[in-house]
Structure formats: structure tokens, C-alpha cells
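Here is my note for your first read of this model. Keep the 3D view open and check each point as you go.

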Amino acid sequence: MKRIFETIKDGIAEAIFPSNIYCICCGSLIDRSRPYALCDLCVKKFHWITGRTCEKCGKALPDTYRGRLCYDCMRIDHAFEKGFSCLTYGLHEREVLLDLKYNGKGYYGAKFGDILYDRMACETIEPDVIIPVPISTARMKKRGYNQSALMASRLSKRWGVPIDEAVLIRRKDTRLLRSLNPADRRLALADAFAINAKGTASGKQAIDERLKGKTVLLVDDIFTTGATVDTCSKVLLDAGAAKVYVLTLASGGNRRPDTDN
């Protein structure tokens, strides 16, 4: 009943305040049929992942690359089962994701959620629950929303898979990770995430009935080395999840180890 009500509400809102009149990136007038509310020029600016990908994390691989795994996945034993991504993180992707996260453009979330949905349409996994990577309470108060939750919520509505935004929490802020090398990123994220034990019988992080035996789809905005989603995946698996898959809007390139900062 709740889902039916939300569908009706979204339909009324779209009829009164149509979202596909202007390109969400550049503001150009567009036809309402344009996918993701993007004009033709902005669609071409994105680095869509359409070819070979790393069999573990889902990063794009060049046609000339001989391996099945990207350089990072050959060095790192990831906790998640498999990753999927939609875009390679370039200058345009960086610009729109910074707008989403820091410049109040939360309305990007629904359109990017549509991109996530179309990415998963060709996959055979059947998750029991969608869980967005949480942000800290301080960042939520400052930003007003969790960008990953906005995308995950749209994906949930389109796919019909329930979303749980409460089970996984971020219990401490971390410094910005983009300036850190892979090893330091993982150290910075130690104990950053936990299961929200509020309302459970034991009040402790143990086998959780909300996760026990379930296949989880973990949603985040960017995948670089995988430190964040690995940390989250370990917490979810320790709490009883059977498998964790990862879906991100964008992922970094296939960097050689000697290019790490």
C-alpha cells in the first residue's frame, strides 16, 4: 500500500512539476523523452562503461588489457562478491558528483538512480535488500541528505527491491580519502561503520535477523580502491548477510600500482 501511495504521489508531482524539461547538467531545454534528463551533448560527456570490465569490481578495462582483473583487484582481496559500475570517473563525472554531494543538487539522485537501474537490468543477481553506504550524522545535518541513499531509494522503487537505510550506520567521520593511498584509506576507515543495534533484542552487533542469510546490494556513489565498500561489506557479512554485491554510479580507472599517490 505504501509503495502504491508513493507511486501515485510521484506521478502527481511529475505532472505538476515535470522534471525533464531542462537538462539537469547544463540547463538546456530538452525533450521530455530524453533519458535521465540529459541533453545529447551532456550524454556524450559522460564516460559510459559499455565494454570489458574487471570481473571482480566492475571497473572498465581497455580492450588491449589482457587480464580479467584490474590492477587493484589483483592486489586486494575484496570482501564483496562482485561489483558493478555505470561510469568511469572523469572530469565531467567529478563535476556532477561534487554538485550532488556539496552543492545542494539532490535532485540528481533520482536520475542517477535510473542509471543504476538500467545498469542492473542486464544482470541476473536477485538481492533481498538494497543498503546505501551511510554518511556521518554531522555530514547529514550539513548536507541535508545522503547522496547514495537518494540513488538507492530510486533504484528500490524502480526495481521493487526493499531498501534499508537504518541497518548500517557510520559512527565516525573520516578525513577525505581521495588524498590517501589504498593502505591508508583502509586504516582511516577502521571501525568507521557498524550495524545499528538500536531496537534489537541483544543491543549488540551479532547475527542480525534483518540481514541473516540475505543477499545485499550495497550502493555508493564512487568506487576507487574499494576501501569504503569493503569495510561496509565486512560489517554486513559479520552480521549475517550471505553475500554482498556492490553497485556504484562511477568508478576509477585501471591504474597501475606505481601511479598511487
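1. Begin at K105. This residue touches D99, L100 and Y145, leaving aside residues up to four places away in sequence. Contact here means heavy atoms within 4.5 Å. K105 sits in the loop between helix 4 (91–102) and helix 5 (108–120). Helices (H or I, at least four residues) and strands (E, at least two) are DSSP runs, numbered from the N terminus. K105 has 23% relative accessibility, so it counts as partly exposed. The cut-offs are these: buried is under 20% relative accessible area, exposed is over 50%, and partly exposed is in between (1.4 Å probe, protein chains only). Now look along the chain. K105 and Q147 are 42 residues apart, and their C-alpha atoms are separated by 9.5 Å.

2. A word on the source. This is a predicted model, in which local features need pLDDT of at least 70, side-chain atom pairs count only at pLDDT 80 or more, and totals for chains, interfaces and linings use all residues. Residues are numbered from 1 along each chain as its sequence is written, and side-chain values use heavy atoms, with hydrogens and water left out.

3. Turn to D99, one of the residues that K105 touches. D99 belongs to helix 4. Is D99 buried or exposed? D99 is buried, with a relative accessible area of 13%. Not counting residues up to four places away in sequence, D99 touches G104, K105, Y108 and Y145.

4. Next, helix 5. Helix 5 has 13 residues and reaches 19 Å from its first C-alpha to its last, close to the 18 Å expected at 1.5 Å a residue. The expected span is 1.5 Å times one less than the number of residues. Helix 5 is mostly covered, with 10 of its 13 residues buried. Among them are Y108, F112, I115 and L116. K111, D114 and R119 are buried in helix 5 too. What covers these buried residues? The cover includes strand 1, helix 4, helix 7, strand 5 and strand 6.

5. Four strands form an open sheet in the order 1-6-5-2, with parallel pairing. Strand 1 and strand 2 (129–132) stand at the edges with a single partner strand each, so one side of each has no neighbour in the sheet. From one strand to the next, the twist averages 20°. Two strands pair if DSSP finds at least two bridges between them.

6. Of its 7 residues, 5 are buried, so strand 1 is largely enclosed by the rest of the structure. Strand 1 pairs with strand 6 (residues 243–251) in the parallel sense, over 6 bridges.

7. Helix 4 lies across strand 1, strand 5 (215–223) and strand 6, and runs at about 110° to strand 5. Helix 5 lies across strand 1, strand 5 and strand 6, and runs at about 125° to strand 6. Axes are lines fitted to C-alpha atoms, for helices over the stretch in contact, and angles run from 0 to 180 degrees between N-to-C directions.

8. Helix 7 (residues 147–159) deserves a check at both ends. At its start, a side-chain oxygen of N146 reaches to within 3.0 Å of the backbone nitrogen of S148. Just after helix 7, G160 takes a positive phi of about 80°. Helix 7 has 13 residues and reaches 18 Å from its first C-alpha to its last, close to the 18 Å expected. Its buried residues include Q147, M151 and L155. An α-helix has 3.6 residues a turn, so residues three or four places apart point the same way.

9. Inspect two backbone angles. Phi of Y36 is near 60°, a positive value in a residue other than glycine. Phi of A37 is near 55°, again a positive value in a residue other than glycine. Y36 lies in the loop between helix 1 (2–16) and helix 2 (40–45), and A37 lies in the loop between helix 1 and helix 2. Y36 is buried at 18% relative accessible area. A37 is buried at 0%.

10. Last, the whole chain. The protein chain has 9 helices and 6 strands. Buried residues make up 46% of its 261 residues. Among contacts with a separation of 6 or more, 69% join residues 24 or more positions apart.

Methods: A polar contact is a pair of N or O atoms within 3.5 Å; within protein, one must be able to donate a hydrogen and the other to accept it, and residues adjacent in sequence count only if both atoms are side-chain atoms.
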